[in-house]
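Visitor: Please pick one part of this model and take me through it closely, together with what surrounds it.

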Amino acid sequence: MKSFNTISELNTWEQIIDKSRFIGIAVPLTSIDQLDMAMKNIRDDYPNARHYVYAYRLYEGLIEKSSDDGEPQGTGGRPIMDILQHGDIWNVLLVVVRYFGGVLLGTGGLSRAYGGTARQLINETNLKKLSLYQVYHLTVPYEWFEMIKYQFGQRNWIISKEDFSEVVQLLVHVPEVESQEFTQWINDFSKKQVSYTEQSLVWR
């Protein structure tokens, strides 16, 4: 996978269906260790609810899990997971809290309520797309710097750090899918006067 959608902050949205209150909460996650604390915070924020139905996806390890939390099997967690999968959304915990209003919705009604709440929450949330970048450290002679900088700007290769000493030291973020093109181009363009080393892969 070279890119995915995620969120950067907690978001909520709610609706009333046949006297039951359904509250959707989207929480950014980066590790499984954050899950228990996130669920505890939600239970503290919305005490005495009947159900805390959820699904989450973590990109690290490609972990996916959902829970109906006492609702009939497949009526809550699965519809919420479908929203995450359909939107190619990772590193997010999506919870729909239900305060029961006394009216039974049936399995179809529950699926529509949980899935619809999750869908509307995501529609109201600003998703951001993360892409995988290869980071390079470049050593650039001064006479090459302005030309290299201009060409990087034309190609949307991102200079994240500049250090001016005897030569110019750059940190450059290149989309991972363009890494082979980058190394070939830098060698050809600079006639190997610009040296580089691979540093790391990062999402941004």
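Guide: Asp69 counts as partly exposed because its relative accessibility is 28%; partly exposed lies between buried, under 20% relative accessible area, and exposed, over 50% (1.4 Å probe, protein chains only). The model is predicted, so local features need pLDDT of at least 70 and side-chain atom pairs pLDDT 80 or more, while totals for chains, interfaces and linings use all residues. Residues are numbered from 1 along each chain as its sequence is written, and side-chain values use heavy atoms, without hydrogens and water.

Asp69 sits in the loop between strand S5 (63-67) and H2; helices (H or I, at least four residues) and strands (E, at least two) are DSSP runs numbered from the N terminus. Although Asp69 is not a glycine, its phi is positive, at about 45 degrees. Just after H2, Asp88 also takes a positive phi, of about 50 degrees.

Helix H2 (77-86) has Gly77, Pro79, Ile80, Met81, Ile83 and Leu84 buried. These buried residues pack against S4, S5, S6 and H3, where contact means heavy atoms within 4.5 Å.

S5 is part of an open sheet of 5 strands, ordered S2-S3-S6-S4-S5 with antiparallel pairing; two strands pair if DSSP finds at least two bridges between them. S2 and S5 each have a single partner strand, so they stand at the edges with one side left without a neighbour in the sheet. On average, neighbouring strands here are turned by 10 degrees against each other, direction ignored. Axes are lines fitted to C-alpha atoms (for helices, over the stretch in contact), and angles run from 0 to 180 degrees between N-to-C directions.

Inside the sheet, S3 and S6 are joined by 8 bridges and run antiparallel. Arg21 has Tyr99 in S6 as its bridge partner. Helix H1 (residues 35-45) lies across S3, S4 and S6, at about 25 degrees to S6. H3 also packs on the sheet: this helix touches S2, S3, S4 and S6, and its direction makes about 145 degrees with that of S2.

H3 (residues 106-123) has 18 residues, which at 1.5 Å a residue should span 26 Å; the end C-alpha atoms are 25 Å apart, in agreement. The expected span is 1.5 Å times one less than the number of residues. Buried in H3 are Gly109, Leu110, Ala113, Tyr114, Gly115, Thr117, Ala118, Leu121 and Ile122. Their cover includes strands S2 (11-17), S3 (20-28), S4 (51-58) and S6 (92-99), as well as helix H2.

Asp18 is found in the loop between S2 and S3. Its phi is near 45 degrees, a positive value in a residue other than glycine. Asp18 counts as partly exposed, because its relative accessibility is 45%.
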